[in-house]
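Good morning, and thank you for making the time. Please look at the sequence and the structure together as they come up, and keep both in view while I speak.

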Amino acid sequence: MKKFTPIALALATAMSLSSFYVQADSAVKPTLLAIPLSDSITDFSTLSSEQLVAGLNRPAIDLESIQLATPEAVAQLKLAMSNAQDGETITIPTGRFADLGIVTINADNVTIKAEQAGETLFTGLIQIVAKGDGITLDSLVFTDGGPAERFGAVRLQGNKNSLKNSTFYYFNEDYAYQPDQRRSEYPKYLWVSLWGKDAQVTNNRFEGKHKRGTLIGVQKNIDDKADNHIISDNIFYSQKKNQYNELDIKKAIRYNGNSWEAIRIGDSKSSQWPSRTQFINNLLVDSDGERELISIKSSENRIAGNTIFESASMISLRHGKGNVVEDNVVIGNLKDDTGGIRVYDENHIVRNNYLTGLRGSGGKIAGNADVRGGVVINTGIIDVANNEKLDQSVKGKELNKQWTPKNINVTNNTLVDVEFGMVHGNQSHRVSLFDNSTVETIYSGDKVTFADNVVFNEESSLQALRADPAAELTNPTYSNEHYFGSTEGFEVLPEGISTEKPSYKMVNGFYQFEGAGADVSKLKLLTADQVGPNYRLVPAK
């Protein structure tokens with residue numbers, strides 16, 4: 001049973017008094033165009049980012065009307081949270097609570113929630129460390145500040161903890177952000193990190209992350225114990241790099257351009273162990289942080305049912321085995337450097353995804369090295385056909401290098417109007433992030449199965465298939481493949497590939513092809529009226 005401790009009751013009473021507030025300074029934030037979505041969308045190219053994230057059916061919260069809590073109220077809140085007892089609920093009234101710093105919750109089954117959803121604002125430097133189990137953070141807003149420590153404003157360390165119905169809104173400004181002296185590298189600050197097991201991050205909105213650092217990081221342990229996190233029904237909007245001129249330092253472009261993912265699940269050292277995290281039913285819009293939007297660096301995860309819109313990035317199976325990517329809708333809307341799914345490592349399933357309007361090179365990328373195609377089977381640095389493996393103890397073949405793809409199943413995917421459809425990549429691999437020397441011997445993917453996929457490119461300049469003859473896949477199979485558009489890299493196409501124009505019908509804006517491609521009845525176009533918090537913020541003018 002939930003209970004209120006005397007200190008929490010006193011806090012709630014004290015903070016409800018107008019004498020505990022002073023007027024906040026207003027801040028200028030971008031506004032959204034109030035363009036409603038049609039009930040029946042027949043052409044995805046008519047959509048805009050603003051339409052998808054507007055959430056006009058959600059009640060509006062006027063940020064300008066929310067007043068600043070006094071230092072006394074902030075101190076009471078920090079004390080209440082730090083001293084929370086098992087089973088306690090702390091309900092925070094409307095207000096801006098500035099500079100709480102690092103607050104650690106050690107008790108179990110504690111709930112910290114806003115009295116009115118979206119009207120409790122944490123500003124300045126803050127980090128809530130959920131060390132206990134069963135802790136819930138509900139309906140809070142983080143804005144006009146930044147994380148008090150590099151692992152984020154929310155650090156879920158215990159088990160079965162959750163962050164829900166909350167908003168991170170342009171939460172960039174208050175922490176130190178200068179390149180270091182050693183190699184001019186900018187610091188990497190997350191917004192949220194997950195350390196324990198069975199966490200849930202649901203129905204949140206993450207908008208305007210403009211400083212270096214992964215937005216959500218799953219810190220997978222090096223063991224065989226699955227994390228089993230669920231990250232679902234969230235909105236990721238406007239993640240941008242180089243807003244602070246990070247890439248002006250020419251010698252540091254490569255590493256300052258890295259670590260801008262919307263989510264990273266695991267890391268290279270833990271990649272061969274299962275995380276079993278589900279990243280499902282999320283809306284990602286106008287997020288151009290880096291090549292990896294969804295970065296998978298662990299095993300047995302599921303990336304499903306997400307909508308990715310006008311994001312110059314990709315779903316990246318970078319490290320780890322046995323991941324499933326299915327039922328995702330990726331709409332590039334002809335934006336430069338938009339891509340689909342890239343693959344390394346082994347035993348993945350890529351099925352029933354719908355990719356459209358991708359323009360992977362942006363006219364700037366030569367060859368296959370960085371092509372952001374629909375489905376890209378990359379090369380690697382180990383001979384997987386003869387069972388070679390990356391090994392942390394082997395110099396030059398550590399786990400952070402490129403594991404050549406093997407045993408990959410690519411089935412029932414639809415690619416429409418994409419600059420590069422199916423890509424058999426021939427990527428040159430550097431020795432490390434900090435060493436531009438290239439690896440001499442690279443290997444092509446082995447035992448890749450392509451079945452029942454459709455690439456439909458009516459423009460002659462668009463490639464349905466792009467392969468490098470110098471890096472042929474070994475032991476590939478093709479069955480009922482339909483590549484309508486130009487092809488490159490084969491003198492004679494393998495058996496199982498048809499270049500005839502396939503039959504189709506339009507279903508709610510999707511191409512439904514006959515006998516192949518994605519089953520569009522399993523797909524959905526997400527908007528902010530369906531996912532994210534149950535309110536929307538109206539910025540100060």
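R276 sits in the loop that runs between β20 (263–266) and β21 (278–280); helices (H or I, at least four residues) and strands (E, at least two) are DSSP runs, numbered from the N terminus. This is a predicted model, in which local features need pLDDT of at least 70, side-chain atom pairs count only at pLDDT 80 or more, and totals for chains, interfaces and linings use all residues. Residues are numbered from 1 along each chain as its sequence is written, and side-chain values use heavy atoms, with hydrogens and water left out.

Although R276 is not a glycine, its phi is positive, at about 55°. Most residues other than glycine have a negative phi. R276 counts as partly exposed because its relative accessibility is 40%; buried means under 20% relative accessible area, exposed over 50%, and partly exposed in between (1.4 Å probe, protein chains only).

N480 also has a positive phi of about 55° without being a glycine. With 30% relative accessibility, N480 is partly exposed.

Let me turn to S295, a residue of strand β23 (residues 292–297). Is S295 buried or exposed? S295 is buried, because its relative accessible area is 0%. Beyond its neighbours within four places in sequence, S295 is in contact (heavy atoms within 4.5 Å) with E261, I263, R264, I265 and S316. Between S295 and M314 there are 8.4 Å in space, C-alpha to C-alpha, and the two are 19 residues apart in sequence.

Next, the largest pocket, which holds about 1,600 Å³ of space. Of its 46 lining residues, R254, N258, S259, E290 and L433 are the closest to its centre. The elements giving two or more residues to this lining are α4 (253–256), β23, β26 (314–319) and β36 (430–432). On a 1 Å grid over the protein atoms alone, a pocket is an open set of points where a 1.4 Å probe fits, with protein on both sides within 12 Å along at least five of seven lines; lining residues have an atom within 4 Å of a point. The volume is the space filled by probe spheres set on the points, which are joined across faces, edges and corners.

Finally, confidence. The average pLDDT, the predictor's confidence in each residue from 0 to 100, is 92 for the protein, and 91% of the residues score at least 70. Over residues 1–10 the pLDDT is below 50, and this stretch has 17 contacts in the model beyond near neighbours in sequence.
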